[in-house]
Amino acid sequence: MGCLYQHTHTYANIKRDECFCINFLPISYYDKLTNTINNNDYEADEFKTGCFTLEKAKTINAPVIKEAFMNIECKLKEINDLSGAGITAMVTGEVQHISVDEEYAQGYDKRYGKDGFMMLVPAPQDLVTGEPGKSAVATVNIEMLD
């Protein structure tokens, strides 16, 4: 995981527990995910804020989000300070277990498109003015099969 802010619950939990889970949710959960960012006081329960259901992971001491179509359970390998100033970090883990909903386990239909993977598209910089643009969230659309 790159560019993880070091002031977050997630970062503190990873350092403390030496493990983490990456949960993949479709774009239909974007607003709930954003709520966890906007209501991220140290005392706040981010999972409750997002209305997510927690389940026990199979191999690590961290919860998985039931609503996710894929969960990747990882043991912490190392943390590197990307900013050099204690702002952002790169967290590297060793995969211990992967769970995938059966309907996502084969083919393209569920994995890609509005019900599949979403990704953050970093804000593009205007190459003429130097001004930063806005970040975006995207889904993958299969255009052609070989």
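Let's start with F52, which sits in the loop between α3 (46–49) and β3 (54–56); helices (H or I, at least four residues) and strands (E, at least two) are DSSP runs, numbered from the N terminus. This is a predicted model, where local features need pLDDT of at least 70, side-chain atom pairs count only at pLDDT 80 or more, and totals for chains, interfaces and linings use all residues. Residues are numbered from 1 along each chain as its sequence is written, and side-chain values use heavy atoms, with hydrogens and water left out.

**Around F52**

- F52 counts as buried because its relative accessibility is 9%; buried means under 20% relative accessible area, exposed over 50%, and partly exposed in between (1.4 Å probe, protein chains only).
- Leaving aside residues up to four places away in sequence, F52 touches L25, Y29, K32, L33, T36, F47, I65 and E67, where contact means heavy atoms within 4.5 Å.
- Y11 is 41 residues from F52 along the chain, and their C-alpha atoms are separated by 19 Å.

**Cysteines**

- How many disulfides does a search of the whole structure find? The search turns up 0, with a disulfide taken as a pair of cysteine sulfur atoms within 2.5 Å.
- For C21, the closest cysteine sulfur belongs to C74 and is 7.4 Å away, so it's too far for a bond.
- C21 is buried at 15% relative accessible area, and C74 is buried too, at 5%.

**Salt bridges**

- The count comes to 4 salt bridges, each being a side-chain nitrogen of Lys or Arg within 4 Å of a carboxyl oxygen of Asp or Glu.
- One of them pairs E94 with K77, with the closest N and O atoms 3.9 Å apart. E94 lies in strand β6 and K77 in strand β5 (residues 70–81), so this pair ties together parts that are 17 residues apart in sequence.
- E94 is partly exposed at 36% relative accessibility, whereas K77 is exposed at 55%.
- D115 forms a salt bridge with K110 at 3.7 Å between the closest N and O atoms, and another with K114 at 3.6 Å. Through shared partners, K110, K114 and D115 join into one network.
- Within that trio, K110 is partly exposed at 25%, D115 is partly exposed at 27%, and K114 is exposed at 61%.

**On the surface**

- V95, I98 and V100 make a nonpolar surface patch of about 230 Å².
- V95 is part of strand β6 (residues 88–100) and counts as partly exposed, with 46% relative accessibility.
- Patches are made of residues with over 30% relative accessible area and no salt bridge, joining like charges within 9 Å and nonpolar side chains (Val, Leu, Ile, Met, Phe, Trp, Tyr) within 5 Å; accessible areas come from the Shrake-Rupley method with a 1.4 Å probe, and for residues, only the protein chains shown count as cover.
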